Amino acid sequence: MDRADVLDVVTRKNMLLSPDALRIIMLNSDPIAFTHTVLSSLSGNPMLVTKEDVMRCLSGEKMDARAPRVIRHDKANCDIKVVKGTDVTNNSACTGNINDFFRYFQSRYAIIKRILENRSDFGKSWKIKEAISMDSEREVRIIGIVNDKKINANGNIVLTIEDDGDDKDNCCRVIIKKETECYNDVYVYDEVLGFVGSFLPRQSDRDRSGGTFMAKRVVKPGVPENHQWIPSDSDSQIAFLSDIHIGSYKFCENGWNRMVSWLRENSEKENINYIIMSGDVVDGIGVFPGQENELTVTDIHDQYRRLAERLKEIPDHIKMVIHPGNHDACRPAEPQPALDNLFTNAFDSNVHMMGNPVYLDIEGRRVLTYHGRSIDDWVSSAQQLTYDDPLAVMKAMIDCRHLAPIYGQKTALAPEKKDFMAMEYVPDVFVSGHVHGYGYMVNKGIRMINASTWQDQTEYQRAHNFNPKPGVMPLVHLGTGKMSSMNFYA
């Protein structure tokens, strides 16, 4: 179905259709049916069908129940807002004692448990201690955090899990047999999962080693099946830049300059109103041994000043977000607070500093941006995941509803009062960087992006046969959800 068909319907009614009205109509999955709905809702005998006519129809006046939903957007509220409770900046409360760690994992368990129990295919769960004592033939649902993972002599997966109980009966073994559908799923340490099955009888009353649970199904918190992108009347696009690495001798200056020139000429007509920069905006100092030999700017303050000057060349109407990554001047433990004013006083007012990760509300869309340091841990922990396919890792994060579940590996995790790394909300857009790859896909309505890099292949990468994909700027249209990209690398 194309625009000509819609225009033909309107013309046969001796009417005209404004460009804005046509654009909103084309957002619907059945534009012809929706056009008839709009036309039938008009009062009087107008010659021109306007955007306001379409929006009045969408607001409920004479609305055809079969017409697809479209989110109405108030243009006066175009802006970036932090979703409350998702940015650790000015909210850090940990000191690193044992109580902080206990509280941190309790928070993770509570957040994911709530998501699991809200799933239509799972529902209310039992405490492990209560479920162990039930009849072995009774099917029960339990929730636990993974403490251990191994393959037994029969080739079955054996997980050791525990819930938030406070006694020795709050843990058990879970057996996932090779013939079950969930056998080939990704399982990692410290993730919270739901299990459907039954307990085997204990060998004796004196057996205190914990019960053995035979899993028929393993339920990940995931995303509701009915989640989808609902079109809105927003015209805006978001651009995504990550891993800029200002100060590196391999910074792609020519590609960056081409990108800035293109934005200056095209950003207004293309409605590019936002840019999100997902960490490692500078190369940093002392991040790895011998880094000083790969730097053209050896002062961290100067690196940020030079980034600020480059961002001043981007059109003023574009609102920008920067949050740190593992190369930035910030604590390495995640979640990371926003960059300190000590490094950001040279930036213009259209550049907003946020923590990592953070959920943003941009024109009614929920955007989750995360640098992606934990991708290293996901790849090392699951043979199904590789650096060549960072989007598969991001999909695993969504299934797990956690950005960095694995404790004690490369990604340092700060034991905050709340687990900010848990994906408490389902995002409309989810972006990461870190691995210097590039790609985008739609997963259950979520626009997922791995946001390229602006650093060419370094000697370290060449020695490890790693080929980055620099100079690409992904874009997402906030109204339609259409994804595209511009390649400025040469």
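Select helix α11, residues 390–400, and show what its buried residues pack against: α5 (98–117), α10 (375–381), β15 (429–432), β16 (438–443) and β17 (446–451). Contact here means heavy atoms within 4.5 Å; helices (H or I, at least four residues) and strands (E, at least two) are DSSP runs, numbered from the N terminus. The model is predicted: local features need pLDDT of at least 70 and side-chain atom pairs pLDDT 80 or more, while totals for chains, interfaces and linings use all residues. Residues are numbered from 1 along each chain as its sequence is written, and side-chain values use heavy atoms, with hydrogens and water left out.

Eight of the 11 residues of α11 are buried (under 20% relative accessible area; exposed is over 50%, partly exposed in between; 1.4 Å probe, protein chains only). Among them are Leu391, Met394 and Ile398. Step on to arginine 401, which follows α11 and has a positive phi, near 55°.

Next, select the open, mixed sheet of six strands, ordered β3-β13-β14-β15-β17-β16. Strands pair if DSSP finds at least two bridges between them. β3 (80–82) and β16 each have a single partner strand, so one side of each lacks a neighbour in the sheet.

Finally, select cysteine 172. Its sulfur is 7.2 Å from the closest cysteine sulfur, in cysteine 171, too far for a bond (a disulfide is a pair of cysteine sulfur atoms within 2.5 Å). Cysteine 172 is buried, at 3% relative accessibility.
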